[in-house]
Amino acid sequence: MKINLYNTQTHTKEEFKPIKKNEVKIYTCGPTVYNFASIGNFRTYLFMDSLRRMFKYNGYKLNHVMNITDVGHLTSDADTGEDKMEKAARKEGKNPYEIAEFYTKAFINDIERLNIDKVETITKATDNISQMLEMVQEIIKNGYGYETSKGIYFDVSKLDKYPVLSNNEVTGQEAGARIEVDPEKRNPYDFAIWIKAPENHIMKWDSPWGKSYPGWHIECSAMSRRFLGEHFDIHTGGVDHIPVHHENEIAQCKGAFGHSPVNTWMHCEFLLIDGGKMSKSLNNIYTVSDLIEKGIEPLAYKLFCFSAHYRNKLNFTFDGVKASQVALNRMRQSYIGHLSSDDDIDDTIITEYEEKFHEAINDDLNMPKAIGIVWEALKNTKSKKIAKLLLKFDEVLGLDLENSAKYLEENTSDIPEEIYRLIEERKQAKENKDYSKADEIREKIREKGYVIKDIKNGEVEIERV
Ligand code: AMP
Ligand code: ZN
């Protein structure tokens, strides 16, 4: 079956054509490990997970690289400010290597808790310094780089076109909001590829320009080239990477070896919180651990992320994610129901769902549609065939549905099956607009010792009276 993916560079959905038959080479910009990754960051890694799993489902071999940025990411993406790692180290009274190790471990732990499929190669920026330095030297040799008192800069005016990914019209624009004016730069949009280290900078290496360290953008170009070569299939990241980081990756590759390395650029839209940005000043940055503390499983957050297409903004609310937790338990319950049934259903029904699901995921990862098909399938007469189908779908969803019984035992063992059945009946009554029956069932549930509260999308929260 065809796979269609939206390419940021061409602004269109294109049929995916691998460079090498049955293999897909992907590069993902990984975290800057100076802090715990937020659930916003993880929306982008969950999108990456769906992409990997979709390719596997289609029989592809994966060669996927994700980096860990442990040096060179300055507090402003536009190459100004301080190295985020050094700043965090000073704040926590540790050295930047300790900071990197601690937050990398935390990141991997969260990746596992979200059941994100294991990327083939995870590589740290500090393990690729010589490749970065070589690339900087090639860029200079080819006439695209120049030295200033701060470091080595990339001269964007030497390119045939800049930018190519974002819509910003650079020509004729003055250095302004995005770029800090630096009189030593030849063009306002020139960016640092190698940075001369101040005396107190801990992470620094010998170079022809003294002790220094790589710029964030050169890191990803050098690592993708080392592990995937000069031409690979897909590059992923969040939308904030489009105008600067990824634009500059393309520029550097053109400067070093003459062309953009990537066929398809894919970007995940932002997770918003209560309709706005996550920010420290609003005290609304949540981590996976924060969700767990509030009784939300990481896998429920994953299901929540499937409620919007990756190219649309998604608004996080606790009510919304609680609804996903309830829905996940209902999905597990339903799986167990199907698994324990001896009834048969027609194979053509199964094939139909399989096709619809496959079409949805191959259509630029339409996960909301795929989840809709899952619910449709679960509504069928209970049958082991549906349970088996669900496990097949779970190869893409990654919700660990095989272990449904274990999760239910852990977090809802005190709620009897009968209550779930009544909730299901009430939902049906509401769908049929039979509200008096719905109220009767609510009362019946209360008599049995449980109070239900409607949250969102027909989901309910259950509490003991
Ligand atoms: P960073 O560690 O800041 O480089 O970010 C890691 C990844 O998370 C990048 O791909 C960002 O584009 C992405 N990202 C950052 N904030 C959000 C957000 N609110 N929603 C979705 N993705 C995000
Ligand atoms: Zn990157």
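Two strands pair if DSSP finds at least two bridges between them. Strands themselves are DSSP runs of E with at least two residues, while helices are runs of H or I with at least four, and both are numbered from the N terminus.

This is a predicted model, in which local features need pLDDT of at least 70, side-chain atom pairs count only at pLDDT 80 or more, and totals for chains, interfaces and linings use all residues. Residues are numbered from 1 along each chain as its sequence is written, chains are lettered from A and ligands numbered from 1 in the order in which they are written, and side-chain values use heavy atoms, with hydrogens and water left out.

Start with strand S4, residues 61-68. S4 pairs with strand S7 (residues 121-124) in the parallel sense, over four bridges. Met 66 has Ile 122 in S7 as its bridge partner. S4 also pairs with strand S3 (residues 23-28), again in the parallel sense, over six bridges.

How is S4 placed relative to the rest of the structure? Six of its eight residues are buried, so S4 is largely enclosed. Buried means under 20% relative accessible area, exposed means over 50%, and partly exposed lies in between (1.4 Å probe, protein chains only).

Together with helix H1 (residues 39-57), they make a right-handed β-α-β unit. A crossover is right-handed if, with the strands pointing away from the viewer, the path from the first strand over the helix to the second runs clockwise.

Turn next to ligand 1. It is surrounded by 15 residues (a heavy atom within 4 Å). The closest are Thr 32, Gly 40, Thr 44, Asp 240 and Leu 271. A polar backbone atom of Gly 40 is 3.1 Å from a nitrogen atom of the ligand. The side chain of Asn 41 has an N or O atom 3.1 Å from a ligand oxygen. Gly 238 places a backbone N or O atom 3.1 Å from an oxygen atom of ligand 1. The protein covers 90% of the 490 Å² of accessible area that ligand 1 has on its own. Such areas come from the Shrake-Rupley method with a 1.4 Å probe.

Ligand 2 is a zinc ion. Which protein atoms are its donors? They are Cys 29 (SG), Cys 220 (SG) and His 245 (NE2), at 2.0 to 2.1 Å. Donors are N, O and S atoms within 2.8 Å of the metal (3.2 Å for Na, K and Ca); water is not among the atoms, so sites may look incomplete. Along the chain the donors follow the spacing C-x190-C-x24-H. Cys 220 sits in helix H5 (residues 216-228) and His 245 in helix H6 (residues 242-257), so that this pair, 25 residues apart, links distant parts of the chain. Both Cys 220 and His 245 are buried.

Ser 207 lies in the loop between strand S10 (191-196) and strand S11 (212-214). With 15% relative accessibility, Ser 207 counts as buried. Its side chain makes a polar contact with the side chain of Ser 212, at 2.9 Å. A polar contact is a pair of N or O atoms within 3.5 Å; within protein, one must be able to donate a hydrogen and the other to accept it, and residues adjacent in sequence count only if both atoms are side-chain atoms.

Finish at helix H15, residues 435-447, which holds Arg 442. Arg 442 is partly exposed, at 30% relative accessible area.
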